[in-house]
Amino acid sequence: MTETPLPDLEAILLVGGQGTRLRPLTLGTPKPLLPTAGVPFLAHQLARARSFGVRRIVFATSYRAEMFSEAFGDGAAFGLSLEYMTEETPLGTGGAIRNAAQALTCGPDAPVLVLNGDILSGHDIADQVATHVARKAAVTLHLTEVDDPSRFGCVPTDETGRVTAFLEKTPNPVTNRINAGCYVFTRSVIDTIPAGQVVSVERETFPGLIEDGALVLGYADASYWLDVGTPAAFVKGSRDLVLGRLVSPALPGPPGDFLALPGAMISAEAKVAGGSVIGARAIVESGAQVSGSVLGDDCVVDSGAVVVDSVVGIGARVHSGAVLRDVIVGDGAVVGPGNELLAGSRVWPGVVLPESAIRFSSDI
Ligand code: GDD
Ligand code: MG
């Protein structure tokens, strides 16, 4: 990691999305607050930003805005100063940045970090900021490579790193290099986004800047990167943090095969591994197998049940002989004995699946 390049760097964190793809987990909790490797997802982002010299963060909130300040308060526990700016109706990514910028204290030439609130990234934020400042760019975008760029913002660059186009969710991507959701803006550039209206930074602001000849720079690297917007990615993010594949200062304990939160009771005859989290006071009985999964607080996995790459909600129960693979079980739900739930199945909160009611659902 590079040493802090600039004192008192300010950031804007975009957390106003509804997280629809993660339902039912996000019915009551915004995506950035879902427990991930034992702490709210954002705790990992906040701690990483802090480690790179960010001292003040403005949350751009909308959906369930009050839950963010309840979770993080003034930020003192993280060594940060936190502010909250709320859009009454969502203003889109660009409108949210413009709205949140009212709470910035820096001058027009200062760099401002902007983070999507659902990203785990191992890249060197300080080096991205230093590159932005050295090249006097208007905006510098962190870029990463993925197998399927059509689900992201496709970002071709020239040999100097200059971004030549920004193609959001295009069916015909021209490169595998995509927008990784971490930007450095020169403050005065944020002030050019129209205020009080819905603006997409991806569909309007970036293409507009490129067309106007502003220097939009790509900062490409190959470090760990994940958007946790889907159930499978969310579970992967949690297990990668627990296993130490991405180092997080917010991980409550050393990296290892699994993380047991206070009061969790795991039978010596149970098999728990693969970066699983066992929630506070949760019970895993003898002969149960839990791998690569997130078990919520107070849930119970009975003897002989198998839970792989899945989320089991708070207070939920998985009965003996049930098998879950790549499944989300909502809070308080009950999976009766012998059920086999596979790829993409979701059990809504409080639902009781009776014994042996076998379901092979792909999605809901
Ligand atoms: N405050 C606020 N208001 N935040 C919003 C709003 C809004 O109206 N709309 C979205 N956000 C926040 C979300 O909470 C999330 O943190 C971030 O903006 C991005 O929204 P997503 O819904 O997660 O977008 P995406 O994953 O489909 O695409 C974005 O991220 C990709 C990287 O993961 C784009 O920026 C793509 O270009 C990028 O490749
Ligand atoms: Mg996303």
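A salt bridge here is a side-chain nitrogen of Lys or Arg within 4 Å of a carboxyl oxygen of Asp or Glu. By that rule, a search of the whole structure finds twelve salt bridges. The model is predicted. Ligand 1 sits in the largest pocket.

**Ligand 1 and its shell**
- There are 26 residues around ligand 1.
- Leu14, Glu168, Asn179, Glu202 and Asp227 come nearest to the ligand.
- By type, the shell divides into eleven nonpolar, eight polar and seven charged residues.
- The largest share, three residues, comes from α3.

**Polar contacts of ligand 1**
- A polar backbone atom of Gly17 is 2.8 Å from an oxygen atom of ligand 1.
- At Leu91, a polar backbone atom is 3.4 Å from an oxygen atom of the ligand.
- Tyr183 uses its side chain: an N or O atom there is 3.4 Å from an oxygen atom of ligand 1.
- Ligand 1 exposes 740 Å² when taken alone, and the protein buries 88% of that.

- Arg56 and Glu10 meet through their side chains in a salt bridge, with 2.4 Å from N to O.
- That distance lies within the 4 Å cut-off, so the pair counts as a salt bridge.
- The pair links distant parts of the chain, 46 residues apart.
- Arg56 belongs to strand β4 (residues 54-61), and Glu10 belongs to strand β1 (residues 9-14).

**Backbone features in loops**
- Most residues other than glycine have a negative phi, and most peptide bonds are trans.
- Arg23 and Pro24 are joined by a cis peptide bond, with omega at about 10 degrees.
- Pro24 is in the loop between β1 and β2 (35-36).
- Arg64 is not a glycine, yet its phi is positive, at about 50 degrees.
- The loop between β4 and α2 (66-72) holds Arg64.

Technical notes
Residues numbered from 1 in each chain as written. Chains lettered and ligands numbered in written order. Predicted model: local features only at pLDDT ≥ 70, side-chain atom pairs only at ≥ 80, totals over all residues. Heavy atoms only, no water. Near = heavy atom within 4 Å. Polar contact = N/O pair within 3.5 Å; in protein donor to acceptor, adjacent residues only side chain to side chain. Areas by Shrake-Rupley, 256 points an atom, 1.4 Å probe, with all protein chains shown as cover. 1 Å grid on protein atoms, 1.4 Å probe; cavity = no way out; pocket = protein on both sides within 12 Å on 5 of 7 lines; lining within 4 Å. Sits in = over half its atoms within 2 Å of the grid points. Helix = DSSP H or I, 4+ residues; strand = E, 2+ residues; numbered from the N terminus. Nonpolar A, V, L, I, M, F, W, Y, C, P; charged D, E, K, R; others polar.
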